[in-house]
Amino acid sequence: MGFSTTAIHAGQEPDPTTGAVTVPIYQTSTYAQEGLGRHKGYEYARTQNPTRAACEQNIAALEGARFGFAFASGMAAIDATLRLVKAGDHVIVSDNTYGGTYRLFTRILANYGIEFTFVDTTDLSNVEAALKDNTRMIYVETPTNPVMMLTDLQAVADLAHARGARVVCDNTFLSPYLQRPLEFGVDIVLHSTTKYLNGHSDGVGGVVVLNDEQDAEWLGFVQNSVGAILSPFDSWLVLRGTKTLALRMEQHDRSGRAVAAFLEEHPKVQKLYYPGSLSHRQHELAERQQRGFGGMVAFDVGSLDNARAVLEGVKICTLAESLGAVESLISHPATMTHAAVLPETRQRLGITDGLVRLSVGLEDTDDIIADLDQALGKIK
Ligand SMILES: *Cc1c(COP(=O)(O)O)cnc(C)c1O
């Protein structure tokens, strides 16, 4: 079955009670039981909810996975995934991962005896050099936020599996329409559904999908035990979002290419970070493991003053954190999403004061480009 057919139907049989074609929002905390130990498979809504189950099955199907678990946020999904490792275990992580992931790993989970090594996973020899006897997980984000560096998923999976470690991929930036990490041997895929999967800037959520039965059993146990579940309404919003995921991603990708081409030629843009560009040093890998390049583009205008001129000069793009929405969202990583990263580290990663990140939305492409053009024109 094709992607959109799956997106519209997987997990979404007409409601057995009424025939409603849209999965109802089961806004209930508990379920009447017919007798002692006799119920319809639903006991309590932290444990089971039909709207959440539909959402979980739907995203699992889109990633080609057997099991899915939805959480209250992307961070809750990441936290639950890390419950697959224990005190004494070692985890290797992409070094320019999402800021919240870095914070969770270094400021919270490290206190519980989990050891983290951050390396540049664009070069597999760094991953190989960081492997230890107790390495149980390799955690990657590709492309990374905000400088759009890639990790070769097949190569990292081969390396991890030879050493008995799992590979986790945060696929938030591309969505399963543009990249399906399980096909390259990745074990666990997770998303902040807040971004492209929901896609409309109106819900916060996260999801984890995987094929391994034992790991899935443990994740389900964690989901129920810790309780950071996705609400019925937010599950319903994600289901509404995924129905148009293919159409939206096609347009994000098309506009992303046009915007990147415009920026690359613009005299005020000193450097472009976009895997779709022939000048990107991993362009060939992007073509190989992605179906497109998506809507994320970053560019350097040389200084904080220049960045401010653009960020405060835009009229259609909205100055805001987050990404993957119908609206074009523009941000300043150095002072917004990556403010918590040490200045030296920011410099090394290319997150300079002049770096601007753009999530190309679904407004008309010409309007987005004209808006950027007039904002770039405000640079002195
Ligand atoms: C936003 C984001 C997260 C965190 O998700 P929340 O829904 O905000 O908790 C994790 N990874 C990436 C790549 C993100 O963009």
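Student: Which elements do the buried residues of α4 pack against?

Tutor: They pack against helix α3 and against the strands β2 (90-94), β3 (115-119) and β4 (135-141). Packing here is judged by contact, that is, heavy atoms within 4.5 Å. Helices (H or I, at least four residues) and strands (E, at least two) are DSSP runs, numbered from the N terminus. Please note that this is a predicted model, in which local features need pLDDT of at least 70, side-chain atom pairs count only at pLDDT 80 or more, and totals for chains, interfaces and linings use all residues. Residues are numbered from 1 along each chain as its sequence is written, and side-chain values use heavy atoms, with hydrogens and water left out.

Student: And which residues in α4 are buried?

Tutor: They are G99, G100, T101, L104 and F105. A residue is buried under 20% relative accessible area, exposed over 50%, and partly exposed in between (1.4 Å probe, protein chains only).

Student: How do α3 and α4 cross, and at roughly what angle?

Tutor: The axes of α3 (residues 74-82) and α4 (residues 99-108) come within 10 Å, and they cross at roughly 40°. Each axis is a line fitted to C-alpha atoms, for helices over the stretch in contact, and angles run from 0 to 180 degrees between N-to-C directions. The two helices are therefore oblique to each other. Angles under 35 degrees count as roughly parallel, over 145 as roughly antiparallel, 65 to 115 as roughly perpendicular, and the rest as oblique.

Student: Which hand does the crossing of α3 and α4 have?

Tutor: α3 passes α4 in a right-handed crossing. A crossing is right-handed if the near helix is turned clockwise from the far one by less than a right angle, and left-handed if anticlockwise.

Student: Which residues meet there?

Tutor: On the α3 side they are M75, I78, D79 and L82, and on the α4 side G100, T101, L104 and F105. By class, this contact of α3 with α4 has five nonpolar, two polar and one charged residues. Ala, Val, Leu, Ile, Met, Phe, Trp, Tyr, Cys and Pro count as nonpolar, Asp, Glu, Lys and Arg as charged, and the others, Gly among them, as polar.

Student: What about α10 and α14, how do their axes cross?

Tutor: The axes of α10 (residues 245-265) and α14 also come within 10 Å, with a crossing of roughly 30°. α10 and α14 are therefore roughly parallel to each other. Their crossing is right-handed. From α10, the residues in contact are Q251, S255, A258, V259, F262 and L263; from α14, they are T365, I368, I369, L372, D373 and L376. The classes in this contact are eight nonpolar, three polar and one charged residues.

Student: Is D366 buried or exposed?

Tutor: D366, a residue of α14 (residues 365-376), is exposed, with a relative accessible area of 62%. In sequence D366 lies 108 residues from A258, yet their C-alpha atoms are 8.9 Å apart in space.

Student: New topic: where is Y98?

Tutor: Y98 is in the loop between β2 and α4. It is partly exposed, at 31% relative accessible area. Y98 touches M75, E141 and N145, when residues up to four places away in sequence are not counted. Y98 and H338 are 240 residues apart in sequence, and 8.2 Å apart from C-alpha to C-alpha.

Student: How many disulfides does the structure hold?

Tutor: The structure holds zero disulfides, a disulfide being a pair of cysteine sulfur atoms within 2.5 Å. The closest cysteine sulfur to that of C169 is in C55, at 19 Å, which is too far for a bond. C169 is buried, with a relative accessible area of 0%, and C317 is buried at 4%.

Student: Which peptide bonds are cis?

Tutor: The bond from T142 to P143 is cis, with omega near -5°, and the bond from N145 to P146 is cis, with omega near 0°. P143 lies in the loop between β4 and α6 (153-162), and P146 is in the loop between β4 and α6 as well. In general, most peptide bonds are trans, and most residues other than glycine have a negative phi.

Student: What is the phi of S201, and what is it for S322?

Tutor: S201 has a positive phi of about 55° although it is not a glycine, and S322 has a positive phi near 80°. S201 sits in the loop between β6 (188-192) and β7 (206-210) and is partly exposed at 46%. S322 sits in the loop between β10 (318-319) and β11 (329-331) and is partly exposed at 26%.
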